[in-house]
Amino acid sequence: MNRVCSPYFDPDFDSLAERINGPKCRVTIDNESLENCTVVKIDSVNKQGLLLEVVQVLTDMNLIILKGYISSDAGWFMDVFHVKDDLGNKVTNQRVVNYIQQAIGANREGIQKSKTNTGSRNFFKCESPYEPRAIEMTGRDRPGLFSEISAALADLHCNVVEAHAWSHNARLACVVYISEESTGTPIDHNRLAAIEDHLTTVLRATTSRSTNEENVKQQEVKTAYGLNPEGDQGTVTDVERRLHQLMLSVRDFESPSKSIRMGSPRLIDRNGDHDHKEEKMLSVCIENCDEKGYSIVSIQCKDRKRLMFDTVCTLTDMQYVIFHASVDSRGGYAFQEYFIRHVDGYAMSTESEKERVIKCLEAAIERRVCEGIRLELCANNRVGLLSDITRVLRENGLAVVRADIATEGGRARNIFYLRDISGNNIDMKFVKSMKTEMGEIDVAVNNETTTTTTSSSTTTNSMTRGSSFRSLGDLMKSQFEKLSHNFVAI
């Protein structure tokens, strides 16, 4: 009888290619090397936009990036980040660690399951089984415009499931997710077109006939498709990146007060010595390294959360490739240096190109900065709630600089960053007015006095305003404690 023999396969054969060439992406989370922070190491085959993807994942986890070293020459991406959680501790939550490894690594299986359990800031929560329609709005900002938009949506019987708005340099960018008022179902395309037309009229209400065609085009409303191309539940950085793109499209980087500096000396050196008068200045400088063919972008400014995301996002969306980078945060200040080329492989060749990149980076850094207060309101959700809140704010002379609106479980969480339209201290009467008009509502107040300015005189004025805002914050908290039994602490 003939023996039939099966061919022999080495059990290690399947992993041989990986051992020779390395995995496509290796992510290491190290809590042992450093005493005060977690080290995240990434080794991967390089591709355009990979650095932004990594920073997006860390940002979605609310991680604070203390230091970072990036190199991506020769087709390989090597990255090291020193991070802490938002409480200043090491990253020890195993679900967060697993999510980071899965989201950055080549194996993306199971990411969606982990997203809902990691504690990330995910505003995309809708109790309806239907996907809400997303509408994007851009245009010239004016006092009360966000309130007018909210009122128009209420009049059109639209339920606001979620909304995000940024205002900077008299421009507005807004992404709103809406559904039918009565059923919570998606709005059909015919009615959606009518809603877009109505909102366009609201945006262009003050546009004169003499306004040039380019400015008119900037004031537009359109249905947003592909905000999240993978079709899964979106993250905060998805919509924030889109807001950066929308603000760039309406040229919010243009401001007559800007002063452009190219190749100017560093205001704060690596040893920490600095001129006290200029310590709060924002500095963006660009120089060319002719020997290596790079443009070197140097950024120094007041440190804050999500800063690296904002700068990397802007450079990526402007079609620049980051080959090397280092970021550092010390003493409340951030130092960032990027070695970049345009996607065509060339460094910046003209002064006008450098000037535009400087302006765009300054705008990206400043968009999140608000000299004023952060107001958070929680209430039972209903159609028209956002309209009522913003109307009260507008009637009390308050401008909405930024807004994040989310709904979940029948509750609405509204976060506003506010300043007084006339530049004066905020009048506490609006608190009583809001309580009277809207009844029971949970409120919390924080002062938002972190500023990034481009002149020492502005710095002095902002410091003066900062002290008044601090006292205002204490006053508002005491007032809310008297007015509401359900005070919500931040």
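**Note on a predicted single-chain model**

1. Thr316 sits in helix H9, which spans residues 307-317. Helices (H or I, at least four residues) and strands (E, at least two) are DSSP runs, numbered from the N terminus. This is a predicted model, in which local features need pLDDT of at least 70, side-chain atom pairs count only at pLDDT 80 or more, and totals for chains, interfaces and linings use all residues. Residues are numbered from 1 along each chain as its sequence is written, and side-chain values use heavy atoms, with hydrogens and water left out.

2. Is Thr316 buried or exposed? Thr316 is buried, because its relative accessible area is 12%. The cut-offs are under 20% relative accessible area for buried, over 50% for exposed, and partly exposed in between (1.4 Å probe, protein chains only). Beyond its neighbours within four places in sequence, Thr316 is in contact (heavy atoms within 4.5 Å) with Gln48, Gly49, Leu52 and Arg241. His342 is 26 residues from Thr316 in sequence, and their C-alpha atoms are 9.6 Å apart.

3. Start the overall view with confidence. The average pLDDT of the chain is 77, and 69% of the residues score at least 70. pLDDT is the predictor's confidence in each residue, from 0 to 100. Residues 4-9 stay under 50 and have 0 contacts beyond four places in sequence. Residues 228-233 are also below 50, but this stretch has 11 contacts beyond near neighbours in sequence. Where pLDDT is low, the predicted coordinates should not be read in detail.

4. Next, the totals. The chain holds 13 helices and 16 strands. Of its 490 residues, 50% are buried. Among contacts between residues at least 6 apart in sequence, 72% join residues at least 24 apart.

5. Now the sheet. How many strands form the open sheet, and in what order? There are 8, in the order E1-E2-E4-E3-E11-E12-E10-E9, with antiparallel pairing. Strand E1 (25-30) and strand E9 (283-289) are at the edges; each has a single partner strand, so one side of each has no neighbour in the sheet. From one strand to the next, the twist averages 15°. Two strands pair if DSSP finds at least two bridges between them.

6. One pairing can be followed residue by residue. Strand E2 (residues 38-45) and strand E4 (residues 76-84) run antiparallel and are joined by 8 bridges. Within this pairing, Val40 is opposite Phe81 of E4. Helix H3 (residues 94-104) packs on the sheet and touches E1 and E2. The direction of H3 makes about 160° with that of E1. H9 lies across strand E3 (64-71), E4, strand E10 (294-302), strand E11 (320-330) and strand E12 (333-342). H9 runs at about 15° to E12. Axes are lines fitted to C-alpha atoms, for helices over the stretch in contact, and angles run from 0 to 180 degrees between N-to-C directions.

7. Look at helix H2 (residues 50-60) against H8. Their axes come within 9 Å and cross at roughly 120°. H2 and H8 are therefore oblique to each other. The scale is under 35 degrees for roughly parallel, over 145 for roughly antiparallel, 65 to 115 for roughly perpendicular, and oblique for the rest. Leu52, Gln56, Thr59 and Asp60 of H2 meet Val236, Thr237, Asp238 and Arg241 of H8.

8. H8 (residues 236-249) also contains Arg242. Which side chains make polar contacts with that of Arg242? One is Glu136, at 2.7 Å. Another is Gln245, at 3.0 Å. A polar contact is a pair of N or O atoms within 3.5 Å; within protein, one must be able to donate a hydrogen and the other to accept it, and residues adjacent in sequence count only if both atoms are side-chain atoms.

9. Strand E5 (residues 133-140) is mostly covered, with 6 of its 8 residues buried. E5 pairs antiparallel with strand E7 (residues 171-180) over 8 bridges. Tyr177 in E7 is the bridge partner of Ala134. E5 also runs antiparallel to strand E8 (residues 220-223), joined by 4 bridges. There, Thr223 partners Ile135.

10. Finally, helix H11 (residues 385-395). Its buried residues include Leu385, Leu386, Ile389 and Leu393. Gly397 follows H11 and has a positive phi, near 75°. Ile421 is in contact with Pro143, Gly397, Leu398 and Ala399, leaving aside neighbours within four places in sequence. Ile421 lies in the loop between strand E15 (411-420) and helix H12 (429-438). Ile421 is partly exposed, at 38% relative accessible area.
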